[in-house]
Amino acid sequence: MQPIVAISNLSKTYSAGFQALKNVNLEIRRGEIFALLGPNGAGKTTLINIICGIVNRTAGEVKVAGKDIIANYRAVRSMIGLVPQELTTNAFETVLADVTFSRGLFGKPANPALIEKILKDLSLWEKRNAKIITLSGGMKRRQMIAKALSHEPEILFLDEPTAGVDVELRRDMWKLVRSMRDAGATIILTTHYIEEAEELADRVGVIHKGEIVLVEEKTALMRKLGKKQLTLELHTPLSEIPPALGGHRLELANQGHELVFTYDTQGERTGITALLDELGRAGIGFKDLQTHQSSLEEIFVGLVRGRQ
């Protein structure tokens with residue numbers, strides 16, 4: 001199946017000489033939620049702005065649904081909804097008028113029923129006649145999402161959509177994003193909240209210093225790079241790991257009171273049974289044990305740190 005967004009050898013160098021993107025190659029699948037992760041200054045917003053026609057590329061090619069974004073700008077832009085990172089609103093306009101006007105900008109006929117549904121889905125209907133300047137920060141963020149959805153885009157870019165939004169609003173937005181994906185939309189999400197990517201994404205891309213570090217299915221990424229650890233709380237602390245246990249990936253923690261075993265989550269055998277047998281033969285007893293699986297945040301931090 002043709003990707004909904006195809007990026008080939010994309011680079012961007014600003015007039016001051018800063019290279020924000022370096023030979024980026026990326027494909028976004030139709031109907032997926034794709035999370036783009038990266039630290040500040042990694043190039044996430046620049047990449048989104050180029051696809052949306054806000055920033056000009058220096059080199060490379062970007063196609064949306066097979067159409068070049070420059071040669072077919074109007075057609076491509078009508079397929080895209082963008083919620084930018086910065087709050088930019090018509091402060092003295094009402095919620096309803098602003099969203100209705102945004103739909104008209106894309107040449108779409110009036111559809112009051114659709115606008116009502118969007119505002120209700122975003123818990124904005126009761127605020128429809130309020131001026132945007134009177135809304136809270138979280139409600140203004142919802143207002144921007146409503147504008148982006150008003151012309152029924154096939155692709156929605158969410159650039160840090162829940163920055164500054166409280167936990168309740170964030171989870172409401174997660175629910176909305178999932179419902180849009182289920183209805184066939186493609187969602188590209190940039191976020192600093194690793195939990196957001198872990199909760200929502202089908203695939204994850206990591207960008208660092210303008211380069212794509214990796215693109216992977218979220219579950220495959222966590223399985224491939226994540227590690228699982230078994231921590232044993234010992235009856236008697238150890239000063240060192242006995243030589244008889246040297247064949248296992250073990251380390252001491254908590255001043256010798258804990259023995260930590262790291263094992264492969266993909267292996268046919270974890271080695272836990274063999275380890276416990278050898279501990280028994282060595283006379284090492286434990287009173288408790290617990291397991292820990294790497295989170296996406298730990299994986300991300302490890303990847304970026306390795307690129308410093």
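This is a predicted model: local features need pLDDT of at least 70, side-chain atom pairs count only at pLDDT 80 or more; totals for chains, interfaces and linings use all residues.
Strand β1 covers residues 5–13 and strand β2 covers residues 19–28; the two pair in the antiparallel sense over 6 bridges.

## Arg103 in helix α3

Helix α3 spans residues 95–105 and contains Arg103. The relative accessible area of Arg103 is 5%, so this residue is buried, the cut-off for that class being under 20%.

The side chain of Arg103 reaches the backbone oxygen of Pro109 at 2.7 Å. Pro109 is also among the residues that Arg103 touches when those up to four places away in sequence are not counted.

## Packing of helices α5 and α6

Helix α5 (residues 137–149) and helix α6 (residues 167–182) have axes that come within 11 Å and cross at roughly 10 degrees. The two helices are therefore roughly parallel, as angles under 35 degrees are counted in that class. The crossing of α5 past α6 is right-handed.

On the α5 side, the residues that meet α6 are Gly138, Arg141, Arg142, Ile145 and Leu149. Their counterparts in α6 are Leu169, Asp172, Met173, Leu176 and Met180.

How values were computed
Residues are numbered from 1 along each chain as its sequence is written. Side-chain values use heavy atoms; hydrogens and water are left out. Two strands pair if DSSP finds at least two bridges between them. Helices (H or I, at least four residues) and strands (E, at least two) are DSSP runs, numbered from the N terminus. Buried means under 20% relative accessible area, exposed over 50%, partly exposed in between (1.4 Å probe, protein chains only). A polar contact is a pair of N or O atoms within 3.5 Å; within protein, one must be able to donate a hydrogen and the other to accept it, and residues adjacent in sequence count only if both atoms are side-chain atoms. Contact means heavy atoms within 4.5 Å. Axes are lines fitted to C-alpha atoms, for helices over the stretch in contact, and angles run from 0 to 180 degrees between N-to-C directions. Angles under 35 degrees count as roughly parallel, over 145 as roughly antiparallel, 65 to 115 as roughly perpendicular and the rest as oblique. A crossing is left-handed if the near helix is turned anticlockwise from the far one by less than a right angle, and right-handed if clockwise.
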